[in-house]
Amino acid sequence: MDCCNNRLIVHNRRDMLRTLSAGFGYLAFAGLAARTSAQQSTTSPLAPKAGHFAGSAKRVIFLCMDGGPSHVDTFDYKPQLIADNGKSLSSGFRSGAKLLASPWKFRQHGKSGLWISDLFPEVAKQADELCLLRGMHTGVPAHAQAALQMHTGSFQFVRPSLGAWTLYGLGTTNENLPGFVTLNPARSAQGYGSAFLPAYYQGSPMRMRGGNNRRGQGQQRGRTDSQSEAVANIENSVYTTAGQREQLDLVQALNKERDRRARGDTNVDGVIESYELAFRMQAEVPELLDFAGENAKTLAMYGIGTAATDSFGRQCLLARRLSEAGVRFVEISVGGFDTHRNLKAELDTKCQSIDQPIAALLTDLKQRGMLKDTLVLWGGEFGRTPYAQGTDGRDHNNKGFTMWAAGGGVRGGFSYGETDDYGVEAVNDKMHIHDWHATILHLLGLDHERLTYNYAGRDFRLTEVYGKVANQIIA
Amino acid sequence: MDIALCLLSIALAQSAKVPDAEGLKFFEEKIKPVLARSCFKCHSADGKVRGGLRLDTRELMLEGGASGPIVILGKPKESLLIRALKYQDPDYQMPPSGPLSGTIIKDFEKWVEMGAPYPSAEGEMMGAAMEPMMGSSGSVVDVADAPNIRDDGFVDWEKARQHWSLIPMKSHPTPAVQDEGWSWCDIDRFVFEGMVENGVAPVADAEKSVWLRRVTFDLIGLPPTPEEVIAFTRDRSPTAFDRVVDRLLASSAFGERWGRHWLDVARFAESSGKEVNIAYPYAWRYRNYVIDAFNNDKPYNQFLREQLAGDLIPSKDLNERTEHLIATGFLAVGAKGHNTRGRSQFTADTIDEQIDAVGQSMLGLTIACARCHDHKFDPIPQRDYYALAGIFLSSKICYGTEQSAGNNFPSEYINLPVGTAANGAKLSPDQIQMADVTITRFAEQLAALEVRAEKGEVDRGNLRNQRQFLGSLESARARFDDAGNPTDANLVAMGVLEGSGRNAPILKRGEVNQAGETVVRGFPQVLEGDWVPTIRTGSGRKELAQWITDPMNPLTARVAVNRVWGHLFGKGLVSTPDNFGVTGMTPTHPELLDSLALSFIERGWSVKSLIREITLSHTYRLSSKTESRSMKMDPDALWLWRMPQRRLEGEAIRDAMLMASGELSRSRPDGSQAQSLEGPIRNGGVMTRLIDSTVPYRSVYMPILRDVVPEMLEVFDFCDPSLPCGDRAETTVASQALFLMNDAQVIASAEAFADRLMAMDLKDLERIEYAFQLAFGRDPTSSERGASRKFFDDFSKAESASQSNSPIRERAWTAFCQSLYLTAEFRTLD
């Protein structure tokens, strides 16, 4: 057999890895090679890169509240709604619908005196860190579309997600972990997809025990006993690490050969990168998932070990650990906010399960000195109507709702934007989802108008032809 | 007011008019990219504002620049914009770098003719459409021009019926293309015309072996065997391709592939999902019905008719009667909230789920959006929803299940005549023993609990739950005799029967306690004509089936052929296969879509004929290789100048592994493993332990329990089976890599693959070759041979330190075979 002309026959692995030139994955012999900045390839598309200007935030943790959390029961205080409780709307499509005051009391908190309802007593203690965005609005009052618009800017077209744009703009700082992790994603893969951006900018989904499905019910997935359950198949039981590396070297050699032969498989790079990342994750992830190094006080602070808060507490703690380890964009999803009925009972239970963990996350980031450059975002695809659906429920409302941000250089203890007297519609300092995107990118040091990707002869951007940075919320 | 002023105010009102969604889509797709690419640099807030002209908002554009208005709405010929684009006016030639293509200029002319739809500055594409819902605060945009349904319920039907998918299908003359014989059939001529208009040219044909792998996966979901590859590549006869297609269409594996496509849109699953996830042990009968229907090339209109009203249509004998009853399982297998409080709420939710499934799967319409209010985008008033709801309210849904904690509303099953259907799954002696032991232990524990309960030490509610759980276990066990054979108790099916005919009231805001006016049972008004049937007696399901399958229905055939096209090219001519409404996409090849739909009907709604025609076209024969010029113009290959590359589905990847390893069982298993389940499924609980996921039958037969989808399918983008889904995602993420690298079943299959090779009387190099043939349907290239040989040396060295008991040589072959599963090629269709 003639081997001399074979382009893939190389004398050692290092040579071969060098011939596979896409992605910083190829330099790593994870587990075999230590991670040092000197070893990171400067040509890697995922290597860290500077933004357009110095941003105040280096990373994002997005707490995605799927289903449309009610703003008028949580962060948007409406005294007029309380005063007019039970009155009927006299005109319009909703005529006859009755205004429903929030069953929860609002109080002022912190030095800033922000109004927050009793659904979030622990988060309220962090009031001075919060920047409430009370003038949010978005395009569509339907879950799937609005969730897509929140994640990608478009509810109609297939477009890259916010996390994918962030990676494209900034890269990531830990080559052994995905740069964009989404825990228990609530909806379609498009929400963490890369669309026309290269596949390696996609979010990596991780499933956790007690992850929440769309209806907010805890469900168990995959392995349930050990703590390394968030990432399935993280260990190989048959080969040694060195043996598995040889196996992947063969796989990558074949992939590279395919790339040469079958011109046009634009996804080969993505496949190659997915294996390198997977291999490196095996070395790093088990440690990351092992909470043994966290002291009892921290676990208790997150509510881990307490039935109501255990599940979300674990996710919040994992989010912090992922961020600390250098993951650029972490998203945690929790469902169950679609309170058409049983508003009182359901929202109460739901908020109880997340209040303490979220507060703990903010506290923990702060005490580690990370809050100043970690942008924490909270919110769902839309809000809910101030008038009742039935007697104990609220319908979808895309015209006015509240999200909030903390850390990452936003003004704490600040409220931006307003809805009308009842909370039906945003009226002052309105912030469309496009504006929210523009502002997030801005905080990260990216100009949403310059962060473009040329595809099909046109420069695309996250905010399309829209988006206005809300400068007032920047500290 | 003088006349001039009056005219001016009309003109202003006109220019402020809120554009309809279709116009906006046209803008988004055709106009905006060009503006962004060629105009904004000099004519926008971000650019230079040359000549005082800005094009980045509609208002400023209409205002014009230093030379006055540039757009006269509805009059492209008089608009300076168009003249400038056409380079007709020596003073105004735009863009200065050179004229745009004729197609683009035509788009602009059309756009001006349409009244230059342009989204509002705030970027709410559907801003106006949203207003009716939120009208309470009195902020009114121009509701008079909201796309379809006004605040007061007025619908401009004439306008609404102009939506592309709602106008009657029309046959179009085949384009006369100058293609030097490239086209082999009408499909090719339409496609070629599209290529010419969009400046792309077809690539060369795929190699024969590539085409064979493509068509084999596409038609039966499996790779070709090495023997089939050799036979085909050697066959020089002109009918070689035809014979392959005919062989595949005749294979029983065809239905297993195409049936699965339908099961995706039929949101098929074997448990209820939602809060308590109750098992549906007989959903599999519907699954098998679907597979058989595709294998028998049951006319598609008949297929839909049976699923909607199988119980109401005549059958020639008892066997056919049984088949028809099982078909109605379509209406019963959807997700349900069995723990819902209140029968009326449960009924309303169940009907909604049925309407959603029928609407999206058969009509490509999101009718269920009109449950609480008039549809926001499509011309479907709330009243039309309740006209349909009455049909389902008048039917009796039979999904079985037993009363238990979390199941407030069990129902009957449909009993099947003895001798007309199989009893289904057998349990192995081990499984029977496991069930018996579990039941005995559980009964003992329960007895102990009862004793303690007497003393008041145990919560009564808890005790009741435990009793019900034991009841579930016992009733599941009772379906099998002690040898594990299924008994006649299994002769039941899920489905729908007639109830008493009654009309449904409109539920204000969708609330069950807000019943309003009753609506006569009927169909969405947007489709009109003398072909629309009237419901006189009974539920109206028969008439519903008639309405949907009438050749005059503009949606059904279009939706169907588009789905078929999508499965063969990775993307439909309409890229939103479940949404042909205003928020869906428009077809890239509208004339082709109509021709295909019309000939589909003419040929008796034969899915196999349609597939045959498409797969034997030149378009389907093209290589998937790229070509830089066309790639630049059309990277997604919307104009089909090449075959788009596709990632295989989880089912196909798994089946291909089992095929390579020789483990795949091609015969259909009896029933489903879900048949031994009853009551709430808890992942990892007693119930799911009865499921053995290692059985090597085809993936379509794996039990599909909602929220407990087999991992292999889940990581490769299986759809949430609670919702209709005609278009699966194709992600590439590390979790897939980890699964293929480390999952025990993948490794076990690689071991079997290795054993198969080792058992052959071959030299190692020949084994490597054969492995490539099994995995990829081709021989290795010389460099791949080299890399493989090198792997065996390197792997053995690397593993020398392993503590494993198995011989290194065996592990090496396992690792080698697994490597082939891991490659990009294994999961990709060229």
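I count a residue as buried if 20 or more other C-beta atoms lie within 10 Å of its own. With that cut-off in hand I opened the structure, which is a predicted model.

**Entry: helix 8 of chain B**

I listed the buried residues of helix 8 of chain B and found I187(B), D188(B), R189(B), F190(B), V191(B), F192(B), E193(B), G194(B) and M195(B). Nine of the twelve residues of this helix are buried, so I note helix 8 of chain B as largely enclosed by the rest of the structure. I then asked which helices its buried residues pack against; they turned out to be helix 22, helix 23 (607-615) and helix 24 (618-621) of chain B. I also checked the length of helix 8 (residues 186-197), for which twelve residues at 1.5 Å a residue should span 16 Å, and the end C-alpha atoms are 17 Å apart, which agrees. After helix 8 of chain B comes G199(B), with a positive phi near 70 degrees.

**Entry: D594(B)**

From helix 8 of chain B I moved to one of its packing partners, helix 22, because D594(B) is buried, with 23 other C-beta atoms within 10 Å. I located D594(B) in helix 22 (residues 590-602) of chain B. Setting aside neighbours within four places in sequence, I find D594(B) in contact with M169(B), K170(B), S171(B) and H172(B). I also took the separation of D594(B) from Y87(B), and the two are 507 residues apart in sequence and 36 Å apart in space, C-alpha to C-alpha.

I looked up the division of chain B, which has domain 1 (3-119), domain 2 (429-485) and domain 3 (740-829). Between the centres of domain 2 and domain 3 of chain B, taken over C-alpha atoms, I read 47 Å.

I next turned to helix 19 (residues 460-477) of chain B, whose 18 residues reach 26 Å from first C-alpha to last, close to the 26 Å expected at 1.5 Å a residue. The buried residues of this helix are S472(B), L473(B) and A476(B). They cover an arc of only 95 degrees around the axis, and I therefore place them on the same side of helix 19 of chain B. What do these buried residues of helix 19 of chain B pack against? I find that they pack against helix 18 (429-454) of chain B.

**Entry: chain A and its domains**

For chain A I recorded eleven helices and 19 strands, with buried residues making up 62% of its 475 residues. Taking the contacts in chain A between residues at least 6 apart in sequence, I see that 72% join residues at least 24 apart.

Chain A is divided into domain 1 (59-224 + 305-473) and domain 2 (228-289), and I put the distance between their C-alpha centres at 33 Å. To the contact between them, domain 1 of chain A gives 18 residues and domain 2 of chain A gives 14 residues. On the domain 1 side, helix 9 (residues 307-324) of chain A gives the most, with three residues. Sorting that side of domain 1 by class, I get ten nonpolar, three polar and five charged residues.

**Entry: nonpolar cores**

I looked for the largest nonpolar core, which has 309 residues, and L63(A), C131(A), W404(A), M494(B) and V561(B) touch the most other members. Helix 7 (residues 268-289) of chain A supplies the largest share of this core, eleven residues. For W404(A), leaving aside neighbours within four places in sequence, I list contacts with F75(A), L130(A), C131(A), L132(A), L133(A), W378(A) and G379(A). I also noted a second, separate core of 22 residues, which includes M61(B), L81(B), L85(B) and V112(B).

**Entry: backbone details**

I found a cis peptide bond from M94(B) to P95(B), with omega near -10 degrees, and I placed P95(B) in the loop between helix 4 (80-85) and helix 5 (102-113) of chain B.

I then looked at positive phi values in residues other than glycine, including that of N342(A), near 50 degrees, and that of A637(B), near 55 degrees. N342(A) is in the loop between strand 9 (329-334) and helix 10 (343-367) of chain A, whereas A637(B) is in the loop between helix 25 (628-633) and strand 7 (646-647) of chain B. Are these residues buried or partly exposed? With 14 other C-beta atoms within 10 Å, N342(A) is partly exposed, while A637(B), with 22, is buried.

Notes
Residues numbered from 1 in each chain as written. Chains lettered and ligands numbered in written order. Predicted model: local features only at pLDDT ≥ 70, side-chain atom pairs only at ≥ 80, totals over all residues. Domains from an automatic or database assignment. Contact = placed C-beta atoms within 7 Å. Helix = DSSP H or I, 4+ residues; strand = E, 2+ residues; numbered from the N terminus. Nonpolar A, V, L, I, M, F, W, Y, C, P; charged D, E, K, R; others polar. Core = buried A, V, L, I, M, F, W, Y, C linked by C-beta atoms within 7 Å. Expected span 1.5 Å × (residues − 1). Arc of directions from axis to C-beta.
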